[in-house]
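Biologist: I'd like to learn how to read a structure one feature at a time. Could you walk me through one?

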Amino acid sequence: MISFVGAGPGAPDLVTLRAADRLAHADVVVWASSLVPEALLSHCREGVLVHDSATMTLEDVLGVYAAHPEPARIVRLHSGDPGLYGAIGEQIDWCETEGRSWEIVPGVSSLAAASALLGKELTQPGVAQSVVVTRLPGRTGASFPPGDSGPAGFARHGATLAVFLSAARPEELQAALLAPGTSYRPDTPAAVVIRATWPDERVVRTTVGRLAADLAATGETLTVLVVVGDALGEAPVARRSHLYDPAHSTAYRLRSRPGEVSGRPSRRRRGAGGPRSGGGSCDD
């Protein structure tokens with residue numbers, strides 16, 4: 001089995017239980033020292049064979065897989081969540097071609113870690129209900145399908161924007177965010193989040209108009225996430241969510257009685273047979 005495991009944002013205690021289990025039982029681990037802290041390898045057993053992919057090509061990595069056929073347990077440790085800029089597609093294609101069993105073990109994205117570090121809800125009611133994950137085209141422009149121009153294209157929507165893999169070009173990033181038709185303003189809040197959850201994590205709070213200068217001043221180009229949008233503002237929440245509003249109902253809760261704020265279980269909840277986490281859905 002080849003397990004494509006999300007290493008999470010960096011802290012070794014922010015991997016999932018499944019990820020820790022796969023590492024603990026792995027015979028071979030392929031990881032990138034440039035993106036994943038060595039502390040993550042503390043989940044591995046003694047004697048595991050470790051390959052550092054920081055200087056490896058795809059062919060090198062596939063060669064490791066080929067050298068360890070089933071029933072070897074291989075972990076390919078990817079930073080954050082493998083589903084976001086993880087370059088796992090071509091590895092999965094190889095597994096399918098070679099008849100190798102494989103799985104994806106999701107990880108905590110650096111976006112979630114950045115939100116926690118900033119202390120902000122990225123989908124604040126009345127401010128932003130969409131989060132866009134993107135990057136500057138740059139050398140990987142060929143990866144962009146027609147019509148996808150990255151940050152410049154999404155800036156017109158005014159959603160919370162999470163820009164990965166773009167810290168090396170601060171001027172270009174700021175220009176894209178303020179391109180004609182953008183919904184962002186020079187005073188729109190922005191944040192530069194560096195190595196969230198690592199021991200040396202750092203946050204630079206700024207604005208779109210100051211982003212290029214403040215990002216360049218950090219001197220950082222790797223493991224940097226730029227978050228942009230009014231949801232990062234310092235003002236109190238402008239509008240509370242309907243989910244727990246006494247005036248609104250969900251599948252499990254009725255509207256509160258006039259003059260009251262206590263919740264009332266719906267017929268579905270009364271028939272659920274005991275306490276249960278979660279609730280119904282809401283629009284915002």
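Biologist: Let's start with Arg73: is it buried, partly exposed or exposed?

Modeller: Keep in mind that this is a predicted model. Under 20% relative accessible area is buried, over 50% is exposed, and partly exposed is what sits in between. Arg73 has 40% relative accessibility, so it counts as partly exposed.

Biologist: What does the side chain of Arg73 meet in a salt bridge?

Modeller: The general idea is that side chains of opposite charge can pair when their charged atoms come close. Here the side chain of Arg73 meets that of Asp27 in a salt bridge, at 3.5 Å from N to O. Arg73 sits in the loop between H2 and S4, while Asp27 sits in the loop between H1 and strand S2 (28-31), so the pair ties together parts 46 residues apart in sequence. Asp27 is partly exposed too, because its relative accessible area is 24%.

Biologist: How many salt bridges does a search of the whole structure find?

Modeller: The search finds 13. One of them joins the side chains of Arg205 and Glu234, 3.9 Å from N to O. That pair links distant parts of the chain, 29 residues apart: Arg205 is in strand S9 (residues 202-207), and Glu234 is in the loop between strand S10 (224-228) and strand S11 (253-254).

Biologist: Which residue forms a salt bridge with Arg210?

Modeller: That's Asp214, and the closest N and O atoms are 3.6 Å apart. Both ends are partly exposed: Arg210 has a relative accessible area of 43%, and Asp214 has one of 22%. Salt bridges can also share partners, and in that way Arg195, Asp200, Arg202 and Glu220 are joined into one network.

Biologist: On to helices. Which residues of H3 are buried?

Modeller: First the general idea: an α-helix has 3.6 residues a turn, so residues three or four places apart point the same way. In H3 the buried residues are Gln91, Ile92, Trp94 and Cys95. They cover an arc of only 155° around the axis, so they end up on the same side of H3.

Biologist: What covers them, and what does the face turned away carry?

Modeller: The cover of the buried residues of H3 includes strand S1 (2-6), helix H2 (58-67), S4 and S5. The face turned away from the buried side carries the exposed residues Glu96 and Thr97.

Biologist: What about the surface? Which residues make a nonpolar patch?

Modeller: Leu84, Tyr85 and Leu165 make one of about 260 Å². Leu84 is in the loop between strand S4 (74-78) and helix H3 (89-98). At 32% relative accessibility, Leu84 counts as partly exposed.

Biologist: Last one: how far apart are Ala20 and Arg268?

Modeller: In sequence they are 248 residues apart, and in space 37 Å, C-alpha to C-alpha. Ala20 lies in helix H1 (residues 17-24). Not counting residues up to four places away in sequence, Ala20 touches Val15 and His43.

Methods. Residues are numbered from 1 along each chain as its sequence is written. This is a predicted model: local features need pLDDT of at least 70, side-chain atom pairs count only at pLDDT 80 or more; totals for chains, interfaces and linings use all residues. Side-chain values use heavy atoms; hydrogens and water are left out. Patches are made of residues with over 30% relative accessible area and no salt bridge: like charges are joined within 9 Å, nonpolar side chains (Val, Leu, Ile, Met, Phe, Trp, Tyr) within 5 Å. Accessible areas come from the Shrake-Rupley method with a 1.4 Å probe; for residues, only the protein chains shown count as cover. A salt bridge is a side-chain nitrogen of Lys or Arg within 4 Å of a carboxyl oxygen of Asp or Glu. Helices (H or I, at least four residues) and strands (E, at least two) are DSSP runs, numbered from the N terminus. Buried means under 20% relative accessible area, exposed over 50%, partly exposed in between (1.4 Å probe, protein chains only). Contact means heavy atoms within 4.5 Å. The arc is that of the directions from the helix axis to the C-beta atoms.
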